[in-house]
Amino acid sequence: MADKATIALIYDFDGTLAPGNMQEYGFIQAFGDNPEQFWAKSNVIASSNDASEILCYMKLMIDQAKSRGIQLTKEDFARFGSTINLFPGVLEWFSLINRYGASRNIRILHFLNSSGLEEMVRGTRIWKEFTKMFACSFLYDDKGVAVWPAVAVDYTAKTQFLFKINKGVHSIQDHSLVNTYMPEKDRPVPFSQMIYFGDGSTDIPCMRLVRQFGGHSIAVYDPNGQKREMSERLLKEQRVHFACPADYTEGGKIYKVVTTIIDKIRADLNLQILLDQEEK
């Protein structure tokens with residue numbers, strides 16, 4: 001009796017699937033800076049110009065490369081991305097939770113919703129797991145060299161991408177489809193069938209929105225880092241449902257939470273089928 005259904009798992013990247021910021025894996029060091037120096041420069045550019053922090057860090061990356069006569073290509077970004085360390089269990093997580101979903105007649109889709117760089121994520125071993133990556137990216141010249149930001153993802157863009165996922169729109173550029181009226185019953189991924197994973201301030205609007213619309217939000221923190229307090233505060237403020245250490249292994253808290261949510265969604269769908277039959 002169970003109809004096939006879709007659940008979307010939507011992830012931030014930095015601090016959620018991997019420790020720290022991805023730019024700190026080789027890129028910053030390649031240009032003679034340390035992370036503290038790079039982010040301090042970026043923040044000064046943003047604050048002194050009342051500008052987007054995301055656009056400023058992306059411009060600084062291009063400026064630093066130019067100042068040293070280095071041409072940044074997609075291959076360079078992927079090479080830096082290949083050195084990113086992922087949290088425990090992340091490599092196995094996608095196939096693990098896909099199998100669990102299949103056992104409940106649920107199709108699991110994975111989406112990235114990140115202020116990090118798509119080009120660097122493509123250097124990791126997990127990039128093919130994502131149905132769509134909504135992330136920052138660069139424009140390239142005819143020689144394949146990065147010259148300008150193409151997509152800058154801040155917290156406002158992140159919430160927009162949730163509505164795109166809701167309506168099955170996977171184009172970043174197309175704004176017409178996401179604003180076209182679509183009855184709730186026709187939307188490929190209802191908000192009630194979303195699970196959002198995030199760790200930082202740019203994720204708070206998304207986590208709150210998903211929770212408000214009937215989905216589930218999980219604040220993830222590095223047990224060796226400084227963000228546990230933020231996650232627990234978000235939990236107390238009822239912006240998220242759960243605060244979990246960044247451990248994606250089978251039997252860990254995230255696994256137990258997500259599999260239980262999947263079971264709940266399956267039960268809710270089965271109940272709705274019975275209710276619909278009664279109304280016929």
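## Before we start

A residue counts as buried when its relative accessible area is under 20%. Keep that cut-off in mind as we walk through this structure, which is a predicted model.

## The sheet

Let us begin with the strands. Seven of them make up an open sheet, and reading across it gives the order β4-β3-β2-β1-β5-β6-β7, with mixed pairing. At the edges stand β4 (146-151) and β7, each with a single partner strand, so one side of each has no neighbour in the sheet. From one strand to the next, the twist averages 25 degrees.

The model holds 17 aromatic pairs. One of them is stacked: the ring centres of Y11 and F197 are 4.7 Å apart and the planes stand at 15 degrees, and planes under 30 degrees apart count as stacked. This pair links distant parts of the chain, since Y11 sits in strand β1 (residues 5-11) and F197 in strand β5, 186 residues apart. Both Y11 and F197 are buried.

F197 has another partner in Y248, with ring centres 6.5 Å apart and planes at 40 degrees, so this pair is tilted. Y248 lies in the loop between β7 (242-245) and α10 (253-279), while F197 lies in strand β5, so the pair ties together parts 51 residues apart in sequence. F197 has 0% relative accessibility and therefore counts as buried; Y248, also at 0%, counts as buried too. Taken together, Y11, W93, F94, F130, F197 and Y248 form one aromatic cluster.

## Charges over rings

R79 lies over the face of F80, at 5.0 Å from the ring centre. Likewise, K132 places its charged end over the ring of F134, 5.8 Å from the centre of that ring.

## A buried arginine in a loop

Is R187 buried or exposed? Its relative accessible area is 15%, which is under the 20% cut-off, so R187 is buried. R187 lies in the loop between α7 (155-167) and β5 (194-198). Leaving aside residues up to four places away in sequence, R187 touches N166, K167 and M182.

Conventions:
Residues numbered from 1 in each chain as written. Predicted model: local features only at pLDDT ≥ 70, side-chain atom pairs only at ≥ 80, totals over all residues. Heavy atoms only, no water. Helix = DSSP H or I, 4+ residues; strand = E, 2+ residues; numbered from the N terminus. Buried < 20%, exposed > 50% of the residue type's maximum accessible area, 1.4 Å probe, protein only. Contact = heavy atoms within 4.5 Å. Phe/Tyr/Trp six-rings, centres within 6.5 Å; stacked < 30°, edge-to-face > 60°. Lys NZ or Arg CZ within 6 Å of the ring centre and 35° of its normal. Pairing = 2+ DSSP bridges. Axes fitted to C-alpha atoms, helices over the stretch in contact; angles between N-to-C directions.
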